Amino acid sequence: MPGKLSTLIPLLVAATYVHAEEHRNTDNVAQTLTSFVSAEVLNREHPKYPKAAARRGQSGRVEMTYTVEPDGKVSNIIPTNYSGSRTFIKEATKAVSKWQYSPAMENGKPVQSCLHSVRLDFKIGNGNPEKFSRFYNKSIDILTSGNTEDIARLQGELDAYTTNIVNEREALTLLKFYHASSIQDETLAQSYLAQLDLKTLKNVVPDIWPKLAMNKANLYAKQQKIADALELVNLLLDDTQETFTPLELTEFKNNLIGFQKSDSHLVIQGKVGSLGHWHHNLTRKSFAINRVQGDLESVDVRCDNKRRLYEVNETTLWKLPLEWKNCQVYISGDTDASFELVEYPSLRNDENAVASSD
């Protein structure tokens, strides 16, 4: 299945999209020494398979984030992504809420541990892999044929094809990405690229996964989601792939880091999804929310060992203490409410700034 695919993957943005002045890294200067031991899971309960989904032979996945409290119990569960039936979310949440951990320890004391994530797969049956393989390869033949009429007709076939198998659904989205790229609809191609689950596709199409990962890293860079782009580039650097040289990846990574440390504002477009929230991995310590359209409810800031919940206010500048590491924000509100999240290059003095280090 993979062999024909690599010729169809355009880089939507050049790998040198981000340019910025290099800055010296001073993150390791004068840090307070602490002893920190991560939380470790002691007991996991497997989620039940929803009966209706089982009868339909429906598979899917649920990704979620949660907090481990000082007593080792799980709290503050937020589903971040899912496929298949929404009933998977309910059963996954029930199961994870019963998990038990040994708590994280900081300087010998149990503390809250706020950045935990998990992906739970719901799989039943294998569907009809021969049928899907024939459809997939036929679609690839059409896309590589250059026949514009056949390529135009293929869109209807892709939209009409349905499958309950996770791997097949991801491969189908991949076909739609290729199709949108072949008709040079960049907006549609980026939409499908954003939907692709690279963890699944790494197993399904391992030989083209590096180009998909670089495509998505470039898309994140274009959207100014620098932390997400860096995560993918680091995965590529750690991966035993030959598509990109270490020098190419290191240059791209340095460009991202340079932009992260530049004086430019990072402006990220946000929109509340069907799960009732939007999340973003912060790359800086200072941010605000602007241009709100619709109703937003709260800002949930989750870092390695700190969590704070705030009301949304367009006049507020959030300034997080330097000791808060690897921070994410989860913004909840009405579905389709839109806004801008702006990350500022430095901690500014502002009477409306909100943060706490206690």
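Mentor: Let's start with T67, whose bridge partner in β4 is S75. The model is predicted, so local features need pLDDT of at least 70 and side-chain atom pairs 80 or more, while totals for chains, interfaces and linings use all residues. Residues are numbered from 1 along each chain as its sequence is written, and side-chain values use heavy atoms, without hydrogens and water.

Trainee: In which strand is the place of T67?

Mentor: T67 belongs to strand β3. Strands are DSSP runs of E with at least two residues, helices are runs of H or I with at least four, and both are numbered from the N terminus.

Trainee: Is T67 buried or exposed?

Mentor: Buried means under 20% relative accessible area, exposed means over 50%, and partly exposed lies in between (1.4 Å probe, protein chains only). T67 is buried, because its relative accessible area is 0%.

Trainee: Which residues is T67 in contact with, leaving aside its neighbours within four places in sequence?

Mentor: Contact means heavy atoms within 4.5 Å. On that basis T67 touches K73, V74, S75 and N76, then Q112, S113 and C114, and also R302 and R307.

Trainee: How do β3 and β4 pair?

Mentor: Strands of a sheet pair through backbone hydrogen bonds, either parallel or antiparallel. Here two strands count as paired if DSSP finds at least two bridges between them. Seven bridges link β3 and β4 in the antiparallel sense. These strands make a hairpin with five residues between them, and G72 in the turn has a positive phi of about 90°.

Trainee: What order do the strands have in the open sheet with β3?

Mentor: Read it as β4-β3-β8, three strands with antiparallel pairing. At the edges sit β4 (74-83) and β8 (113-122), each pairing on one side only. From one strand to the next the twist averages 20°. Strand β3 (residues 60-68) is joined to β8 by eight bridges; R61, for instance, has D121 in β8 as its bridge partner.

Trainee: Which strands does helix α2 touch where it packs on the sheet?

Mentor: Helix α2 (residues 87-96) touches β3, β4 and β8, and its direction makes about 35° with that of β3. Helix α5 (residues 166-182) also packs on the sheet, touching β3 and β4, at about 100° to the direction of β3. Those angles run from 0 to 180 degrees between N-to-C directions, with axes fitted to C-alpha atoms, for helices over the stretch in contact.

Trainee: How many residues of strand β15 are buried?

Mentor: Six of the six residues of β15 (residues 328-333) are buried, so this strand is largely enclosed by the rest of the structure. Both of its faces are covered, with Q328, Y330 and S332 on one side and V329, I331 and G333 on the other. Strand β10 (residues 277-281) runs antiparallel to β15 over five bridges, and H280 has V329 as its partner there. Strand β12 (residues 296-302) is also antiparallel to β15, over six bridges, with V301 opposite V329.

Trainee: Which residues lie nearest the centre of the largest pocket?

Mentor: They are E63, T80, N81, Y220 and H279, out of 47 lining residues. The largest pocket holds about 1,900 Å³ of space. Helix α9 (residues 226-238) supplies the largest share of its lining, six residues.

Conventions: 1 Å grid on protein atoms, 1.4 Å probe; cavity = no way out; pocket = protein on both sides within 12 Å on 5 of 7 lines; lining within 4 Å. Points joined across faces, edges and corners; volume = space filled by probe spheres on them.
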